[in-house]
Amino acid sequence: MLRWKCVGSLIFILIVVLAQKVFTQEPNRKQITNIQNILTSLKQPSQSTFTKGTIKQNGGTVAKSKFASTKNLKEIVIGRCYEYMFKRDIPEKWDCGQIWSKFFEAFAYKGPCYVTQKDYEGLINYMAEEVPRDKGLLWSGSREISHKFSDFRYTNRFITLEDTLAGFLVNKLSWCGTEKDPGIDFTQCTWECSIQAPYWSTANKKFAQKLRGTVHIILNGTRQHLDDKNVYPSFMQNRYYLGPYVLPELNSKNIDKIVIIVAHTLHLKPLESCGEKTVLLLTDLIRNKGIPVDCHDDTDAVRHLLCVDDPSTDVCKFQAI
């Protein structure tokens, strides 16, 4: 913010100097044009104000933005499609070439912020698959522990969205379109649109509709940003996916019970626990839908998984039986 104030001050001084020259002597066309160009530039914000990372800025020399379409996106998507079918032992259930075509058509040759949920519906419906009863696992702010808990690679203990084709296909990838060839922007993606909300919101809704029996939710009871240390609530009703897109789709006719697990990072003071703050809010919202809820803080299974990475800490020194 300070940097932009300094730049603004310098520009203002430059305008004043030019103006003094104009009005102390007969203005010529070049001087007037210079002032007009400066004023025009002030009305047109730099491209960098809309994009996070180092990018093209008013035609200058730049480095590639960290928020750009993943290199070799087509090859990765098609490869993951085949890998998923191999992992699930369901060869040729889907046409991976057709999946890429549907994916490409959803966002390519469009501005990065002009893609909607409707654009992805055909693709998400094509990849639809059933979630085994009692296996559904939802999460918010707890990506790592949730996927260790589900264990997609080996035991398939539970199934998260990322353990279905719709999630596995593009997990941790970035993509956005451009009206120019080749239709995909591999240079920069506007930050606000680089999180692919239309895709993930559609996929989350469809996943929630498939849940049956007992469903687990893992929340982060010590939700804190790694860089700026800002604290966030364990459950956000109107942000990301669990609150706005998943919760409305949970059906009491299909779901017998929901088990909330509030996990707490080792060495950090708990910020929220069962029966408190936004965890209580989520519990009440689910019960209002006619679905019974159990809530547990740091179940043995979750604590053991956390202790794998830090077995020497005091809370991980379990007594022998």
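These legends describe close-up views of a predicted model.

**View 1. Confidence along the chain.** The mean pLDDT of the chain is 80. Of its residues, 77% reach 70 or more. Confidence is highest in helix α4, at 97. It is lowest in helix α2 (residues 29–43), where the mean is 39. Over residues 1–65, pLDDT stays under 50. For that stretch the model has 55 contacts beyond four places in sequence.

**View 2. Crossing of helices α3 and α4.** Helix α3 spans residues 73–88, and helix α4 spans residues 96–107. Their axes come within 9 Å. They cross at roughly 135 degrees, which makes α3 oblique to α4. The crossing of the two helices is right-handed.

**View 3. Residues where α3 meets α4.** From α3 come Leu 73, Lys 74, Val 77, Ile 78, Cys 81, Tyr 82 and Met 85. They meet Cys 96, Ile 99, Trp 100, Phe 103 and Phe 107 of α4. By class, this contact has eleven nonpolar residues and one charged residue. It has no polar residues.

View 4. Ser 150 lies in helix α6, which covers residues 143–150. Is Ser 150 buried or exposed? Its relative accessibility is 0%, so Ser 150 counts as buried; the cut-off for buried is under 20%. Neighbours within four places in sequence are left aside here. Beyond them, Ser 150 is in contact with Leu 137, Thr 155, Asn 156, Arg 157, Phe 158, Ile 159, Thr 160 and Asp 163.

Methods: Residues numbered from 1 in each chain as written. Predicted model: local features only at pLDDT ≥ 70, side-chain atom pairs only at ≥ 80, totals over all residues. Heavy atoms only, no water. Axes fitted to C-alpha atoms, helices over the stretch in contact; angles between N-to-C directions. Helix = DSSP H or I, 4+ residues; strand = E, 2+ residues; numbered from the N terminus. Parallel < 35°, antiparallel > 145°, perpendicular 65-115°, else oblique. Left-handed = near helix turned anticlockwise from the far one by under 90°. Contact = heavy atoms within 4.5 Å. Nonpolar A, V, L, I, M, F, W, Y, C, P; charged D, E, K, R; others polar. pLDDT = per-residue confidence, 0-100. Buried < 20%, exposed > 50% of the residue type's maximum accessible area, 1.4 Å probe, protein only.
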